[in-house]
Amino acid sequence: MVQAEQSAKVVVTGAGGGIGAALARRFAAQGARVVVNDLDAGRAKAVAQEIGGLAVPGDASSIVAKARDALGGTVDVYCANAGVGRDGGEPGEPLDEQGWALSWDVNVMAHVRAAHALLPDWLERGSGRFVSTVSAAGLLTMIGTAPYSVTKHGAYAFAEWLSLTYRHRGVKVHAICPQGVRTDMLDATGSAGDLVLKPTAIEPEDVADALFRGIEEDRFLILPHPEVAEYYRTRATEPDRWLTGMNRLQQQWEATR
């Protein structure tokens with residue numbers, strides 16, 4: 001870990017388990033002071049107690065002020081990790097407006113609100129680090145869940161915009177884009193996740209390892225599954241070939257339902 005981060009004041013949202021808990025543990029192990037945020041207050045407190053951190057439970061969309069106060073007025077690193085996966089209904093089925101709205105609010109707007117609250121201080125002092133847990137779905141897509149795929153694209157686009165807009169002013173941005181990770185969210189993906197994600201799923205700690213390598217190397221895009229780079233390249237340069245391949249996966253999935 002870079003020297004400047006060893007005494008950092010860090011906030012991790014959605015840190016009651018999974019990737020968020022792994023990130024919180026890794027930052028704490030490196031000497032950072034960590035705020036553990038989660039909607040589930042009990043889980044947040046358990047992880048905070050384990051790592052010697054501070055539990056600040058609640059909605060990730062409005063946590064910055066409370067977390068900053070808990071850390072004595074300063075946030076150095078903000079990990080926008082909280083996310084939600086929802087099925088918004090397929091064409092011809094009733095549209096799940098609430099599922100779409102929740103996905104947009106948690107997966108995109110929580111990041112926007114956090115950056116809006118953090119940037120004035122970061123720009124004034126010329127430093128800050130924003131870590132966005134996106135998903136390979138933000139670079140590619142995911143069968144069976146339009147809201148997740150679309151909003152993760154939005155989360156990635158916002159992270160890109162933050163980086164290109166503020167990197168010359170000392171703000172570091174990282175977008176973590178794993179495929180399957182062995183978490184509760186993976187279990188909730190059902191048969192689509194069983195087909196696409198579980199065969200190559202990794203542990204949350206592997207994602208934390210990938211982030212810290214990316215921090216050391218000052219990289220924006222963090223790919224815990226390196227093969228995603230080739231998939232992303234094919235999507236960009238041969239979109240019809242890529243869409244044909246994804247449609248085959250869709251058909252394979254439909255045959256199992």
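Contact here means heavy atoms within 4.5 Å. Keep that cut-off at hand for the exercises below, which work on a predicted model.

**Exercise 1.** Find which residues of α9 and α10 meet, and sort the contact by class.

*Solution.* Start on the α9 side, where Tyr231, Thr234, Arg235, Ala236 and Thr237 take part. Their partners in α10 are Pro239, Arg241 and Trp242. Now sort by class: the contact of α9 with α10 has four nonpolar residues, along with two polar and two charged ones.

**Exercise 2.** Decide how helix α9 is oriented relative to helix α10.

*Solution.* Two packed helices are described by the angle between their axes and the distance between the axes. Take the distance to begin with: the axes of α9 (residues 228-237) and α10 (residues 239-256) come within 5 Å. Next comes the angle, and the two axes cross at roughly 120°. Angles of 65 to 115 degrees count as roughly perpendicular and those over 145 as roughly antiparallel.

**Exercise 3.** Count the cavities of 30 Å³ or more, then describe the lining of the largest cavity.

*Solution.* Rolling a probe the size of a water molecule over the atoms shows where empty space is left. The count comes to one cavity of 30 Å³ or more, and the largest cavity has a volume of about 40 Å³. Its lining consists of Thr13, Ala60, Tyr78, Ala80, Asn81, Ala82, Val106, Ala110 and His111. Assign these to elements: β4 (77-80) and α4 (97-125) each supply at least two lining residues, and α4 gives the largest share, three residues. Finally, classify the lining: six residues are nonpolar, three are polar and none is charged.

Terms used:
Residues are numbered from 1 along each chain as its sequence is written. This is a predicted model: local features need pLDDT of at least 70, side-chain atom pairs count only at pLDDT 80 or more; totals for chains, interfaces and linings use all residues. Side-chain values use heavy atoms; hydrogens and water are left out. On a 1 Å grid over the protein atoms alone, a cavity is a set of points where a 1.4 Å probe fits but cannot get out, and a pocket is an open set with protein on both sides within 12 Å along at least five of seven lines; lining residues have an atom within 4 Å of a point. Grid points are joined across faces, edges and corners, and a volume is the space filled by probe spheres set on the points. Helices (H or I, at least four residues) and strands (E, at least two) are DSSP runs, numbered from the N terminus. Ala, Val, Leu, Ile, Met, Phe, Trp, Tyr, Cys and Pro count as nonpolar, Asp, Glu, Lys and Arg as charged, and the others, Gly among them, as polar. Axes are lines fitted to C-alpha atoms, for helices over the stretch in contact, and angles run from 0 to 180 degrees between N-to-C directions. Angles under 35 degrees count as roughly parallel, over 145 as roughly antiparallel, 65 to 115 as roughly perpendicular and the rest as oblique.
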